[in-house]
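Please open the model in your viewer and keep the selection panel at hand.

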Amino acid sequence: MTQPPILTVRNLTTVFPDENGGLHALRDVSFDVHPREFICVLGPSGSGKTTLLRVMAGLLQPTSGQVTFARKQHPRIGMVFQQATLMPWRTVLQNITLPLEIRGDGTHSAHRKAREMIELVGLQGFEHSLPRDLSGGMAQRVAIARALIHDPDLLLLDEPFGSLDALTRERMWTELSRIWQARQKTVIMVTHSISESLFLADRVLVLTQRPGTIKMDMRVDLPRPREEAIRFTAHFGKLARKLRDAIE
Amino acid sequence: MIKRFLPVLLSLPAFLLGWHLLTRYSGIPNFILPSPLSVWTRFLRAVGDGSLQYHTWITLTEILLGLLAGVTFATVVGYLLAKSRSLEKALSPYLVASQAIPVIAIAPLLVIWLGDGILSKVVICALIVFFPVLVNTVVGVRAVPTALYDLMHSLHATRAQILWKVEVPASLPVFLGGLRIGATLSVIGAIVGELVDAEEGLGFLLQVGDFQYDTPMVFVAVFTLIALALALYGIVRFLENKFLKWQERSNV
C-alpha cells in the first residue's frame, strides 16, 4: 500500500477494572489501516477482538494508547453487530434510514438512498416489512445496508454472520465481498472463522488469548473477485494452515 | 368483530334476565336489591334532571387531572430512576415504603389538608396512579437493549435522539401496560376521595343514594363508574393497538 494510512492504532491497552488488579483485554496493540483495505481481526474467544472494535468505534475509552484518524476527529462509522440490532418498531426502510435521520437529512433523499441500499443488499419488496418477519440472514442484510447508507469512512463488523447458519453465512460472504467491491469502503471485521477471514480480507490480524496482542499480520494474496471455489485451492489451504498455527 | 362481541351480546341479556327474575320472585325488597327496570327508570330520571351528567363530569375531571399529574410525575421520576442507579438506591426505600400505606388510609388526611373540593381527589387519584406507572417506566427503560445504545453512540446520536428514537418506542409496550393498570386505578382513587368528603361527584351521588335508601341511584352511580373505567381502559387499549402494531399480537 503506497497510500498513507487513514487510521493508525498505537499502543492500545485496555484494562477492565476488577477485584484482582484488572482484566487486561488488550495489550500494546498497534497497526495501520489503509484506505479501502479489508482487514479481518481473527482470534479465539476472549482475545479482546470486540473490545478492539469498540475502541475504534469510540464506544469505549482505551486505558492507554490512541486511535487516530487521518482526516478528521470524528469519522463517520458504520457498524454491524453480532445480532442485527434492528429496531423492531421500524420497517426495513425506516431502519435503514436511521443514520441519515440522526444526521438530519431530509426524508425524501433518505428514502431514495435507502432504496438504493435495499437494492444493493437484495431486499427489494421487503421495504415495508417489520424485522419480526425477516430471517436472520435478511435482518443482517438490513444491518449492512444501514451501516453503509451514510457513506461511512470506516465500516466496523463485529462477527456479523456469527448467528447465521453455515449455508447462509457462506452466501453472505460472497454478498459482502461484492458490496465491498462496489462501495470501496475501508472495513475492519472481527471474526473467529479462518475461512471467513481468508475469503474476505486483504489482511488478517491474529490476536492472542487475553491479554490480546497482535501475533501475526498476514497479507492475503488471493486474487479478487473471490469465488466459492477459491476455498478449495492449495494456496487457500496453505494460508489457512498458517493462521491456524498462529492461533494455537 | 361480531364474533368477538357475540359472547357479551348473549351473556348481557341473560344476566339482566336472571337479575330481573331474582328481584321478582325472591321477595328481596326493592331498596335492598332494585330490579333492573327500576334502575333504568332511575337512570332516566337522573339524566333528565341533568344531575348524572353533572356529577359524572366532576368525577371525570378529577380522574383525568389525577391521571395527568400521576402519569407525568411517575414517568419523569421513573426515567430518572432507570437512568441512575444511585438515585434509585437513594429513593427506592421511600417509594416502596410509601406503597405500604394504603391510599385509603391517608385519604381523610389529604381531604383535611387540601379541602373537600376537587384538589384532594385529584391528589389521591394521582397517588394511586403513580406507582404502577413508575414501576413500568423503570422496567421499560431498563429493558432497552444495550446494543441499540451502542448503535446510536456509534452514529454520534444526541441524548434527545436516543430518548425519542430508542428509549420512548422501546419502553412503550411496558409503559402502556402500566398506564392500563393506572387508568383503572384512577377511578378508584377519585371515588375513595369523594367518599371521604365531597359535595359533588359520583362518589357523592353514591353516598346520597345510600343515606336516602335510594338504592337504584346507588346502582346508577356504580354502573356509571364501571362505564368510566371501561372507557379509560378502552382508550389505553386503543393506544396499544395503534402504537404497538409492530409487536406480536398477544391477547392478554
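The stops below cover confidence, the nonpolar cores and the contact between the chains.

This is a predicted model, in which local features need pLDDT of at least 70 and side-chain atom pairs count only at pLDDT 80 or more, while totals for chains, interfaces and linings use all residues. Residues are numbered from 1 along each chain as its sequence is written, and chains are lettered from A and ligands numbered from 1 in the order in which they are written.

The mean for chain A is 88, and 99% of its residues reach 70 or more. Helices here are DSSP runs (H or I, at least four residues), numbered from the N terminus. In chain A, confidence is highest in helix H2 (residues 92-103), at a mean of 95, and lowest in helix H5 (residues 166-183), at 85.

Next, select A:Ile39, A:Val41, A:Ile96, A:Ala145, A:Leu156 and A:Ile188, which touch the most other members of the largest nonpolar core, a set of 71 residues. Such a core consists of buried Ala, Val, Leu, Ile, Met, Phe, Trp, Tyr and Cys residues joined through C-beta atoms within 7 Å; buried means that 20 or more other C-beta atoms lie within 10 Å of a residue's own, with C-beta atoms placed from the backbone. Helix H4 (residues 136-148) of chain A gives the most to this core, namely seven residues.

Finally, select the interface: 15 residues of chain A are in contact (C-beta atoms, placed from the backbone, within 7 Å) with 13 residues of chain B. On the chain B side, H7(B) gives the most, with six residues.

Terms used
pLDDT = per-residue confidence, 0-100. Helix = DSSP H or I, 4+ residues; strand = E, 2+ residues; numbered from the N terminus. Buried ≥ 20, exposed ≤ 12 C-beta atoms within 10 Å, placed from the backbone. Contact = placed C-beta atoms within 7 Å.
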